[in-house]
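Here is a short report on charged side chains and their surroundings. Look over the structure, then read on.

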Amino acid sequence: YHFAWVLQGEIHSPRPPMKHRTDDGRGKNILCFVLTLCCKQLPLSRMMWPQFSLSVLKSQIVRFSEVILGRSLGPSGRAFLKSVGWIGFSFVVARLFSMGVPLFAARLLGKEIFGEFALSANSIGQIVGLIMLFGMNAAVVRYAAPKAHPDSEVGAAFFISGVSTVIALLATIYLSFTPAVGLLKLNSPALVWWGLVFAVAFWFWTLQSATLQGLHLFRERGVAEIVSGVAMVPSFVLAYQFFGRAYPSLVLAYVISYTLSGAYAAHHVISRVRLRLPNLAFLREILVYGAFCFLGNAGFILTFSVQPMQLNAYLSESEVGFFRAYHMASIGIASYVSTIFNTVFFAKASASSDRGALWRLMWRVWLFAAIPMVIGYVIALVTLLGIAGSDYPLDWRLLVAFGVTATVVTIQSCMGQFLGTEGVKGAGFGLILSIISGVVNVILSMWLIPAYHVLGACLALFATYTLATLLVIRVCRKEFRWGLLKA
């Protein structure tokens, strides 16, 4: 306690600027930060810990970030950390509600009715919603972020997405009256109609939220996320009063929460943007960019939709459940952490005038943070699997493999954003790399899962994301002249 208290005092003593700091000082400050976080959890009195406050912790986080980066953080850097912190907090709060309500509904409605909801909303609704967006949720961030008054950029994204929405709705309605709908083996045509209602609400919320990111309105973006999560509770209660124990109760709960959150976001967008259409050349450019982003989902689908099918084909039900538990506690968390970080990072990187310097800076961060991240994911695995119970025993090989894979997923998810910041050219390369990665994952899974079972599935994901990271490095070095650690 005394040692940590002395170090805490040294942290706040006058010291030279960052450029004069020695490596010894850097190591000491890292130790101070770790000891501070650990000792804050101990039941020390204010006399033993006189300098404890939220502002002190914020200051130490900033200084710790400066140690990693090797430079002082200016106002923009501090604003970035603040935005990431707020987005992370708001996403976690929203997640508590958005996960809690479906879990409660699954128990209340039963497996069959909840399965109908999954088919209507998660299958029909989200697929049609993604077609409606047509990549404009990424395009509006990429093209609006660098501009002070992105009236034309936002107008173009809204126009293209509006047209694709009309086409998607008409096509789905037409197909619902043809024999093709029989392939879905629906119990009722109403599943399609409720799926379309869900799709419209999902499209509205996603596009407006992405526009807030493009306008750098991260405080409002976080509030919109919280609204969408918190509104789920009263929305489900209200919908249940009308539909009772039926799948429309949960669909309508999502529709109301998305609509309320989207309306809040749209209010802030409209108050800051005067929508107008750009010239035809730019309209064509943003259309191509959106198409590349939309088709770029192919790799994600091949990785996270086809591999579960392969798992069901090669493994027993208990092994599949074992894999999903490990996956959720590591790679699932990595994907969510990446989403939080990229919500702010993609907009900031798109607006940067020197993305090469930012690229090198981020690699410096990952080289420093990789090992702590592996340790963090392993700790998360041990903790969550312990909560899950004795049905999921700890295997050190799987703990290490999933911890390392989750770290690679986090790094690739972040660094892959750089391709999208380079406009149509970068998005085109992103599409190619996405398809290559997806195909590689399918092939490796066919080979590794039968041989190594759960470990093989993890190794397939590790190899896929490692390959994707190396390909991103190769493309950025060759096409954009970005060195890994130096210009």
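## Positive surface patch

R474, R477, K478 and R481 form a patch of positive charge on the surface. Patch members have over 30% relative accessible area and no salt bridge, and like charges are joined within 9 Å. R481 lies in the segment after helix 18 (423–479). R481 is exposed, at 63% relative accessible area; exposed means over 50%, buried under 20%, and partly exposed in between (1.4 Å probe, protein chains only).

## Basis of the model

This is a predicted model: local features need pLDDT of at least 70, side-chain atom pairs count only at pLDDT 80 or more, and totals for chains, interfaces and linings use all residues. Residues are numbered from 1 along each chain as its sequence is written, and side-chain values use heavy atoms, leaving out hydrogens and water.

## Salt bridges

The whole structure holds seven salt bridges (a side-chain nitrogen of Lys or Arg within 4 Å of a carboxyl oxygen of Asp or Glu). One of them pairs E220 with R272, with the closest N and O atoms 4.0 Å apart. E220 sits in helix 9 (residues 218–230) and R272 in the loop between helix 11 (248–270) and helix 12 (280–295), so the pair ties together parts 52 residues apart in sequence. Helices are DSSP runs (H or I, at least four residues), numbered from the N terminus. E220 is buried at 5%; R272 is partly exposed at 43%.

E422 bridges to R355, with the closest N and O atoms 2.7 Å apart. E422 is partly exposed at 21% relative accessibility. R355 is buried, at 15%.

Notes. Patches are made of residues with over 30% relative accessible area and no salt bridge: like charges are joined within 9 Å, nonpolar side chains (Val, Leu, Ile, Met, Phe, Trp, Tyr) within 5 Å. Accessible areas come from the Shrake-Rupley method with a 1.4 Å probe; for residues, only the protein chains shown count as cover. Lys and Arg count as positive and Asp and Glu as negative; His and the chain ends are not counted. The place of a charge is taken as NZ of Lys, CZ of Arg, CG of Asp or CD of Glu. Helices (H or I, at least four residues) and strands (E, at least two) are DSSP runs, numbered from the N terminus.
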